[in-house]
Amino acid sequence: MLNTAFTDLVGCSVPIQQAGMGGVATPELAAAVAEAGALGMVNMTMVPADDVAVALDGLVKATTGAVGMNFLTPFLDMAAVEVAASRVRVVEFFYAEPDAAVIARVHEGGALAAWQVGSPDEAQRAVDAGCDFIVAQGTEAGGHVRGQVSLLPLLDSVLDAVEVPVVAAGGIGTPRAMAAALAAGATGVRVGTRFVATHEANSHPDYVDALVRAQAADTILTTAFSVMWPDAPHRVLRSCVEAAEALEGEIAGEMPMGVVQIPLPKFAVPCPTRDMTGKIAAMALYAGQSVGAVTRVQSAAEVVRELADGAERLLRVWA
(Lines give C-alpha, C1' and ligand atoms only; values in the text may rest on other atoms or scores of the structure.)
Protein backbone atom coordinates (compact mmCIF):
# COMPACT_ATOMS: atom_id res chain seq x y z
CA MET A 1 0.00 0.00 0.00
CA LEU A 2 3.04 2.27 0.17
CA ASN A 3 3.78 2.19 -3.55
CA THR A 4 2.90 5.68 -4.81
CA ALA A 5 3.61 8.04 -7.68
CA PHE A 6 6.40 9.50 -5.52
CA THR A 7 8.14 6.17 -4.94
CA ASP A 8 7.81 5.32 -8.63
CA LEU A 9 9.25 8.68 -9.68
CA VAL A 10 12.13 8.82 -7.22
CA GLY A 11 12.97 5.13 -7.20
CA CYS A 12 12.53 4.38 -3.51
CA SER A 13 10.32 1.78 -1.82
CA VAL A 14 8.98 3.89 1.05
CA PRO A 15 7.13 7.21 0.50
CA ILE A 16 9.23 9.13 3.02
CA GLN A 17 11.57 12.01 2.25
CA GLN A 18 14.04 12.93 4.96
CA ALA A 19 14.23 16.71 5.27
CA GLY A 20 17.51 18.28 4.18
CA MET A 21 18.21 20.02 7.46
CA GLY A 22 21.18 22.37 7.37
CA GLY A 23 24.02 21.29 9.64
CA VAL A 24 22.50 18.01 10.83
CA ALA A 25 21.52 16.30 7.53
CA THR A 26 24.84 14.60 6.88
CA PRO A 27 25.75 12.19 4.07
CA GLU A 28 25.80 9.48 6.74
CA LEU A 29 22.18 10.23 7.62
CA ALA A 30 21.08 10.40 3.99
CA ALA A 31 22.76 7.08 3.22
CA ALA A 32 21.09 5.37 6.19
CA VAL A 33 17.68 6.71 5.19
CA ALA A 34 18.19 5.62 1.59
CA GLU A 35 19.33 2.15 2.62
CA ALA A 36 16.09 1.84 4.61
CA GLY A 37 14.11 2.50 1.41
CA ALA A 38 13.25 6.18 1.74
CA LEU A 39 14.70 9.29 0.06
CA GLY A 40 17.74 10.55 1.94
CA MET A 41 18.68 14.22 1.64
CA VAL A 42 21.77 16.30 2.40
CA ASN A 43 22.22 20.03 2.82
CA MET A 44 25.62 21.67 2.47
CA THR A 45 24.82 25.37 2.53
CA MET A 46 27.80 27.59 1.72
CA VAL A 47 30.06 24.59 1.09
CA PRO A 48 32.27 25.05 -2.01
CA ALA A 49 31.24 23.06 -5.08
CA ASP A 50 34.44 21.00 -5.09
CA ASP A 51 33.79 19.88 -1.52
CA VAL A 52 30.15 19.14 -2.37
CA ALA A 53 31.38 16.90 -5.19
CA VAL A 54 33.63 14.93 -2.85
CA ALA A 55 30.85 14.49 -0.28
CA LEU A 56 28.26 13.41 -2.86
CA ASP A 57 30.66 11.00 -4.52
CA GLY A 58 31.11 9.36 -1.13
CA LEU A 59 27.37 9.35 -0.51
CA VAL A 60 26.44 7.59 -3.74
CA LYS A 61 29.09 4.96 -3.06
CA ALA A 62 27.62 4.36 0.40
CA THR A 63 24.13 3.41 -0.77
CA THR A 64 22.22 1.98 -3.68
CA GLY A 65 19.13 3.88 -2.55
CA ALA A 66 17.71 7.22 -3.64
CA VAL A 67 19.44 10.36 -2.38
CA GLY A 68 19.10 14.07 -3.06
CA MET A 69 20.35 17.49 -2.06
CA ASN A 70 18.44 20.44 -0.67
CA PHE A 71 19.35 24.06 -1.50
CA LEU A 72 18.23 27.17 0.38
CA THR A 73 17.81 29.74 -2.35
CA PRO A 74 19.03 32.79 -0.35
CA PHE A 75 22.42 31.04 -0.27
CA LEU A 76 22.29 29.44 -3.73
CA ASP A 77 25.52 28.42 -5.46
CA MET A 78 24.83 27.36 -9.05
CA ALA A 79 28.16 25.54 -9.30
CA ALA A 80 27.08 23.34 -6.40
CA VAL A 81 23.66 22.83 -8.03
CA GLU A 82 25.34 21.54 -11.18
CA VAL A 83 27.54 19.22 -9.13
CA ALA A 84 24.52 17.84 -7.30
CA ALA A 85 22.42 17.40 -10.44
CA SER A 86 25.11 15.22 -11.99
CA ARG A 87 25.34 12.94 -8.95
CA VAL A 88 22.06 12.53 -7.05
CA ARG A 89 18.49 11.62 -7.94
CA VAL A 90 16.74 14.75 -6.59
CA VAL A 91 17.76 18.40 -6.31
CA GLU A 92 15.34 20.41 -4.20
CA PHE A 93 14.95 24.15 -3.58
CA PHE A 94 13.28 26.20 -0.87
CA TYR A 95 12.52 29.78 0.02
CA ALA A 96 12.22 31.77 -3.18
CA GLU A 97 10.01 32.02 -6.23
CA PRO A 98 10.39 28.94 -8.48
CA ASP A 99 12.95 29.63 -11.19
CA ALA A 100 12.64 27.85 -14.55
CA ALA A 101 16.30 28.52 -15.39
CA VAL A 102 17.49 26.85 -12.19
CA ILE A 103 15.21 23.87 -12.75
CA ALA A 104 16.44 23.54 -16.32
CA ARG A 105 20.03 23.29 -15.04
CA VAL A 106 18.95 20.45 -12.75
CA HIS A 107 17.33 18.58 -15.61
CA GLU A 108 20.38 19.13 -17.79
CA GLY A 109 22.45 17.41 -15.13
CA GLY A 110 20.11 14.40 -15.13
CA ALA A 111 18.30 14.88 -11.80
CA LEU A 112 14.69 15.42 -10.79
CA ALA A 113 13.80 18.92 -9.60
CA ALA A 114 11.58 19.64 -6.60
CA TRP A 115 10.43 22.82 -4.86
CA GLN A 116 9.10 23.18 -1.32
CA VAL A 117 6.16 25.57 -1.27
CA GLY A 118 3.77 27.22 1.16
CA SER A 119 0.77 28.00 -1.05
CA PRO A 120 -1.16 26.55 -4.01
CA ASP A 121 -0.14 29.51 -6.19
CA GLU A 122 3.53 28.85 -5.46
CA ALA A 123 2.97 25.17 -6.20
CA GLN A 124 1.48 26.00 -9.58
CA ARG A 125 4.36 28.31 -10.40
CA ALA A 126 6.81 25.55 -9.48
CA VAL A 127 5.08 23.11 -11.81
CA ASP A 128 4.96 25.73 -14.58
CA ALA A 129 8.71 26.20 -14.08
CA GLY A 130 9.26 22.50 -14.69
CA CYS A 131 9.38 20.82 -11.25
CA ASP A 132 8.87 17.07 -11.18
CA PHE A 133 7.27 17.03 -7.74
CA ILE A 134 6.19 19.46 -5.04
CA VAL A 135 6.69 19.53 -1.28
CA ALA A 136 3.75 21.24 0.45
CA GLN A 137 4.95 22.59 3.79
CA GLY A 138 2.47 23.42 6.54
CA THR A 139 3.20 25.75 9.42
CA GLU A 140 3.60 22.78 11.79
CA ALA A 141 7.04 22.19 10.28
CA GLY A 142 10.25 22.73 12.18
CA GLY A 143 12.95 24.97 10.78
CA HIS A 144 12.19 27.69 8.26
CA VAL A 145 8.58 27.97 7.14
CA ARG A 146 7.46 29.42 3.82
CA GLY A 147 3.66 29.59 4.11
CA GLN A 148 1.00 30.67 6.57
CA VAL A 149 -1.40 27.72 6.49
CA SER A 150 -1.38 24.44 8.40
CA LEU A 151 -0.69 21.25 6.49
CA LEU A 152 -4.10 19.72 5.82
CA PRO A 153 -5.75 22.86 4.36
CA LEU A 154 -2.58 23.54 2.37
CA LEU A 155 -2.37 19.97 1.09
CA ASP A 156 -6.02 20.09 0.04
CA SER A 157 -5.51 23.25 -2.01
CA VAL A 158 -2.17 22.17 -3.51
CA LEU A 159 -3.60 18.82 -4.63
CA ASP A 160 -6.37 20.70 -6.42
CA ALA A 161 -3.82 23.02 -8.06
CA VAL A 162 -1.25 20.60 -9.50
CA GLU A 163 -1.08 17.15 -11.07
CA VAL A 164 2.52 16.21 -10.22
CA PRO A 165 3.26 14.13 -7.09
CA VAL A 166 2.89 16.10 -3.86
CA VAL A 167 4.84 15.36 -0.67
CA ALA A 168 3.28 16.51 2.61
CA ALA A 169 5.54 18.28 5.12
CA GLY A 170 4.94 19.69 8.58
CA GLY A 171 4.27 17.94 11.87
CA ILE A 172 4.63 14.40 10.53
CA GLY A 173 6.42 12.20 13.02
CA THR A 174 4.12 9.27 13.75
CA PRO A 175 2.65 6.42 11.70
CA ARG A 176 -0.83 7.88 12.16
CA ALA A 177 0.22 11.29 10.85
CA MET A 178 1.94 9.67 7.87
CA ALA A 179 -1.08 7.50 7.11
CA ALA A 180 -3.40 10.51 7.39
CA ALA A 181 -1.35 12.52 4.90
CA LEU A 182 -1.29 9.63 2.43
CA ALA A 183 -5.01 9.03 2.88
CA ALA A 184 -5.61 12.74 2.19
CA GLY A 185 -3.92 12.40 -1.20
CA ALA A 186 -0.21 13.05 -0.64
CA THR A 187 2.08 10.64 -2.47
CA GLY A 188 4.78 10.91 0.18
CA VAL A 189 5.64 12.56 3.48
CA ARG A 190 8.60 14.68 4.50
CA VAL A 191 10.03 14.03 7.98
CA GLY A 192 12.56 16.24 9.72
CA THR A 193 12.40 16.42 13.50
CA ARG A 194 12.41 12.65 14.02
CA PHE A 195 15.64 12.38 12.03
CA VAL A 196 17.36 15.08 14.09
CA ALA A 197 17.32 12.59 16.98
CA THR A 198 19.12 9.78 15.16
CA HIS A 199 22.58 8.34 15.60
CA GLU A 200 23.56 9.36 12.08
CA ALA A 201 22.55 13.03 12.35
CA ASN A 202 25.13 15.67 13.25
CA SER A 203 23.01 17.05 16.09
CA HIS A 204 24.51 18.28 19.35
CA PRO A 205 23.53 15.93 22.22
CA ASP A 206 22.02 18.81 24.20
CA TYR A 207 19.83 19.66 21.21
CA VAL A 208 18.63 16.06 21.02
CA ASP A 209 17.96 15.97 24.77
CA ALA A 210 15.80 19.10 24.44
CA LEU A 211 13.78 17.45 21.68
CA VAL A 212 13.25 14.30 23.76
CA ARG A 213 11.85 16.39 26.63
CA ALA A 214 9.58 18.56 24.43
CA GLN A 215 5.97 18.34 23.30
CA ALA A 216 4.16 20.04 20.42
CA ALA A 217 3.05 22.96 22.59
CA ASP A 218 6.69 23.69 23.42
CA THR A 219 7.40 24.92 19.88
CA ILE A 220 6.84 28.41 18.53
CA LEU A 221 6.77 29.98 15.07
CA THR A 222 8.96 33.08 15.26
CA THR A 223 11.46 35.30 13.48
CA ALA A 224 13.75 35.48 16.52
CA PHE A 225 16.75 33.70 14.99
CA SER A 226 17.23 36.10 12.09
CA VAL A 227 20.95 36.90 12.28
CA MET A 228 22.38 35.79 8.89
CA TRP A 229 18.87 35.36 7.42
CA PRO A 230 16.68 38.37 8.29
CA ASP A 231 12.95 38.08 8.98
CA ALA A 232 12.56 34.46 7.83
CA PRO A 233 9.91 32.71 9.97
CA HIS A 234 10.98 29.48 11.61
CA ARG A 235 9.69 27.03 14.21
CA VAL A 236 11.93 26.33 17.20
CA LEU A 237 11.57 25.26 20.81
CA ARG A 238 10.26 28.18 22.86
CA SER A 239 12.94 27.49 25.46
CA CYS A 240 15.77 28.48 23.12
CA VAL A 241 14.18 31.87 22.41
CA GLU A 242 13.89 32.50 26.14
CA ALA A 243 17.46 31.33 26.74
CA ALA A 244 18.81 33.57 23.98
CA GLU A 245 16.88 36.57 25.31
CA ALA A 246 18.41 35.97 28.75
CA LEU A 247 21.94 35.51 27.39
CA GLU A 248 24.40 38.24 28.32
CA GLY A 249 26.62 39.52 25.55
CA GLU A 250 26.29 39.09 21.80
CA ILE A 251 27.99 35.71 21.30
CA ALA A 252 26.25 32.39 21.92
CA GLY A 253 29.23 30.16 21.22
CA GLU A 254 31.55 28.96 18.48
CA MET A 255 30.98 27.00 15.29
CA PRO A 256 33.42 25.40 12.84
CA MET A 257 34.20 27.09 9.55
CA GLY A 258 36.64 24.88 7.73
CA VAL A 259 39.51 24.19 10.12
CA VAL A 260 38.85 27.14 12.44
CA GLN A 261 36.22 27.98 15.04
CA ILE A 262 34.36 31.27 14.56
CA PRO A 263 32.06 33.16 16.94
CA LEU A 264 28.35 32.39 16.62
CA PRO A 265 26.25 35.51 17.24
CA LYS A 266 23.25 35.41 19.51
CA PHE A 267 20.07 34.72 17.51
CA ALA A 268 22.06 33.33 14.56
CA VAL A 269 20.47 30.87 12.12
CA PRO A 270 22.69 27.76 12.53
CA CYS A 271 21.39 25.02 14.80
CA PRO A 272 23.82 23.36 17.22
CA THR A 273 25.85 20.53 15.73
CA ARG A 274 28.15 18.12 17.50
CA ASP A 275 31.20 20.30 16.97
CA MET A 276 29.69 23.55 18.28
CA THR A 277 30.51 24.89 21.73
CA GLY A 278 28.92 27.47 23.99
CA LYS A 279 25.39 28.03 25.23
CA ILE A 280 23.69 25.28 23.25
CA ALA A 281 20.32 25.89 24.92
CA ALA A 282 20.36 29.46 23.55
CA MET A 283 20.97 28.44 19.93
CA ALA A 284 18.31 27.77 17.29
CA LEU A 285 16.71 24.49 18.39
CA TYR A 286 14.55 23.86 15.35
CA ALA A 287 11.61 21.55 16.04
CA GLY A 288 8.32 20.77 14.36
CA GLN A 289 5.04 20.08 16.12
CA SER A 290 5.81 16.38 15.70
CA VAL A 291 8.45 16.74 18.44
CA GLY A 292 6.34 14.80 20.94
CA ALA A 293 7.09 11.69 18.91
CA VAL A 294 10.80 12.06 19.70
CA THR A 295 11.20 9.91 22.81
CA ARG A 296 14.73 8.57 22.40
CA VAL A 297 17.67 8.47 20.03
CA GLN A 298 17.20 5.88 17.30
CA SER A 299 18.86 4.82 14.10
CA ALA A 300 17.52 6.36 10.91
CA ALA A 301 16.49 2.89 9.72
CA GLU A 302 14.41 2.38 12.87
CA VAL A 303 12.56 5.65 12.26
CA VAL A 304 11.82 4.71 8.64
CA ARG A 305 10.60 1.24 9.60
CA GLU A 306 8.44 2.53 12.47
CA LEU A 307 6.72 5.11 10.30
CA ALA A 308 6.31 2.95 7.21
CA ASP A 309 5.17 -0.24 8.93
CA GLY A 310 2.79 1.59 11.22
CA ALA A 311 1.32 3.71 8.44
CA GLU A 312 0.77 0.68 6.24
CA ARG A 313 -1.03 -1.16 9.04
CA LEU A 314 -3.34 1.79 9.61
CA LEU A 315 -4.07 2.22 5.89
CA ARG A 316 -5.01 -1.46 5.66
CA VAL A 317 -7.36 -1.14 8.62
CA TRP A 318 -8.95 2.01 7.21
CA ALA A 319 -9.33 0.38 3.80
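Contact means that heavy atoms lie within 4.5 Å. This is a predicted model, where local features need pLDDT of at least 70, side-chain atom pairs count only at pLDDT 80 or more, and totals for chains, interfaces and linings use all residues. Residues are numbered from 1 along each chain as its sequence is written, and side-chain values use heavy atoms, with hydrogens and water left out.

**Exercise 1. A residue in a loop**

Find Ser299 and decide whether it is buried or exposed; then list its contacts, leaving aside neighbours within four places in sequence.

Step 1: Elements come from DSSP runs, numbered from the N terminus: helices are H or I with at least four residues, strands are E with at least two. Ser299 sits in the loop between β14 (277-278) and α12.

Step 2: Buried means under 20% relative accessible area, exposed over 50%, and partly exposed in between (1.4 Å probe, protein chains only). With a relative accessible area of 16%, Ser299 is buried.

Step 3: Leaving aside its neighbours within four places in sequence, Ser299 touches Thr198, His199 and Glu200.

**Exercise 2. The open sheet**

Work out the order of the eight strands in the open sheet, and say which strands stand at the edges.

Step 1: Two strands pair if DSSP finds at least two bridges between them. The order is β1-β9-β8-β6-β5-β4-β3-β2, and the pairing is parallel.

Step 2: β1 (16-18) and β2 (40-42) each have a single partner strand, so one side of each has no neighbour in the sheet. These two are the edge strands.

Step 3: From one strand to the next, the twist averages 25 degrees. Axes here are lines fitted to C-alpha atoms, for helices over the stretch in contact, and angles run from 0 to 180 degrees between N-to-C directions.

Step 4: β1 is joined to the parallel strand β9 (residues 188-191) by three bridges, and Ile16 stands opposite Val189 in β9.

**Exercise 3. A helix with two kinds of neighbour**

Describe how α6 packs on the sheet and how α6 packs with α7.

Step 1: On the sheet, α6 touches β5 (112-117) and β6 (133-137), and its direction makes about 165 degrees with that of β5.

Step 2: α6 and α7 (residues 151-161) pack at an angle of about 35 degrees, and their axes are 8 Å apart.

Step 3: From α6, the residues Pro120, Ala123 and Gln124 make the contact; from α7, Leu154, Ser157, Val158 and Ala161 do.

**Exercise 4. One side of a helix**

Which residues of α10 (205-213) are buried, and why are they on the same side of the helix?

Step 1: The buried residues are Tyr207, Val208, Ala210 and Leu211.

Step 2: They cover an arc of only 160 degrees around the axis, so they lie on the same side of α10. The arc is that of the directions from the helix axis to the C-beta atoms.

Step 3: Recall a general rule: an α-helix has 3.6 residues a turn, so residues three or four places apart point the same way.

Step 4: The buried residues of α10 pack against α9 (193-196) and β11 (234-237).

Step 5: Follow β11 to its partners. β11 pairs antiparallel with β10 (residues 219-222) over four bridges, and two bridges join β11 to β7 (residues 143-144), also antiparallel. Arg235 in β11 stands opposite Leu221 and is the bridge partner of Gly143.

**Exercise 5. Charged pairs**

How many salt bridges does a search of the whole structure find, and which residues are linked with Glu97 in a network?

Step 1: A salt bridge is a side-chain nitrogen of Lys or Arg within 4 Å of a carboxyl oxygen of Asp or Glu. The search finds eight.

Step 2: Arg105 pairs with Glu82, with the closest N and O atoms 2.3 Å apart. Arg105 belongs to α5 (residues 100-109) and Glu82 to α4 (residues 78-85), 23 residues apart.

Step 3: Glu306 pairs with Arg194, the closest N and O atoms being 3.0 Å apart. Glu306 lies in α12 (residues 300-318) and Arg194 in α9, 112 residues apart. Arg194 is buried at 3% relative accessible area, whereas Glu306 is partly exposed at 30%.

Step 4: Glu97 is linked with Glu122, Arg125 and Arg146 in a network of salt bridges. Within it, the closest N and O atoms of Arg125 and Glu97 are 2.6 Å apart.
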